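Me: I would like to learn how to read a few features of a model. Please give the general idea each time, then the case at hand.

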Amino acid sequence: AMQFSDIQRTLATGTVSLSNAGFFMPPAAAICASLLEAVQLPIWLNIYVTQPGKASSAPPHTDKQDVIAVQAQGAKRWRVFAPPSPNAKMEADPFTRGKGTDILSLDELEAPLIDTVLEPGQVLYIPAGFPHVTDTCNGVTSPDTSVHLTLGVDTHVWDLSYACMRASALRRAGLSPLLSSTFSLNKLDREDWLLLHAPLPLGFSAAA
């Protein structure tokens, strides 16, 4: 079992992550339940703890979920970028860049769309597939340990997008979901790719 000394050692070098906290912490579960009721989509919640003065608490990466970051204590700097064009690295999943064996460098990204420091009570929304990076040193003046909640809306995990609806319809018709039966959707330009991967509207499956 994890001891407090283990947490202290991890905090000295990086970020402590409490993954899926909504499954085992009742207050976090209540937050998940409220958001689930509001958006009618699967929700998960992680908690991240980072000491001040860390130049990188999360390297550049994208998420498959729409992310809602809620700062609970201390402060954390967030930079959010436009997604790189998927056809620049067609073999990569645009929703999981910077994870596993994939490396997403800042050189691949344009100037940040958002560069802000979140303080307690402040909220930041990051659409799925938008790269982001965090730290607790640049512009952070709070001496307190940073604690933030990340709420993930599992739109794309559950294939609730126009791209997945298109692929499902084509497969049911016995057709290939690939472009011209050959190319991945990653061949599309960024704007077209984002439009096709937009989430289905809230309540799309509700009874009339």
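Reply: Begin with exposure: a residue is buried under 20% relative accessible area, exposed over 50%, and partly exposed in between, with a 1.4 Å probe and protein chains only. By that scale Asn-20 is partly exposed, its relative accessible area being 35%. This is a predicted model, in which local features need pLDDT of at least 70 and side-chain atom pairs count only at pLDDT 80 or more, while totals for chains, interfaces and linings use all residues. Residues are numbered from 1 along each chain as its sequence is written, and side-chain values use heavy atoms, with hydrogens and water left out.

Me: How should I read strand pairing, and which strands are joined to strand 4 by bridges?

Reply: Two strands pair if DSSP finds at least two bridges between them. Strand 4 (residues 66-73) is joined to strand 9 (residues 146-153) by seven bridges, and the two run antiparallel. Within this pairing, Gln-73 stands opposite Val-147 of strand 9. Strand 4 also runs antiparallel to strand 7 (residues 123-126), with four bridges between them. There, Ala-69 has Leu-124 as its bridge partner. As for side chains, in a regular strand they alternate between the two faces of the sheet.

Me: Now salt bridges. How many does a search of the whole structure find?

Reply: A salt bridge is a side-chain nitrogen of Lys or Arg within 4 Å of a carboxyl oxygen of Asp or Glu. The search finds ten. One of them joins Lys-64 and Asp-93, at 3.9 Å from N to O. Lys-64 is in the loop between strand 3 (58-61) and strand 4, and Asp-93 is in the loop between strand 5 (76-80) and strand 6 (114-118), so the pair ties together parts that are 29 residues apart in sequence. Lys-64 is partly exposed at 28%, and Asp-93 is partly exposed at 32%.

Me: What about the pair Asp-135 and Arg-77: buried or exposed?

Reply: Their side chains meet in a salt bridge of 3.4 Å, N to O. Asp-135 belongs to strand 8 (residues 132-135) and Arg-77 to strand 5, so this pair ties together parts 58 residues apart in sequence. Asp-135 is buried, with a relative accessible area of 1%, and Arg-77 counts as buried at 13%.

Me: Which residues are linked in a network of salt bridges?

Reply: Lys-89, Arg-97, Asp-102 and Glu-108 are linked in this way. Asp-102 forms a salt bridge with Lys-89, where the closest N and O atoms are 2.6 Å apart. Both residues lie in the loop between strand 5 and strand 6, 13 residues apart. Asp-102 counts as buried, at 14% relative accessibility, whereas Lys-89 counts as partly exposed, at 25%.
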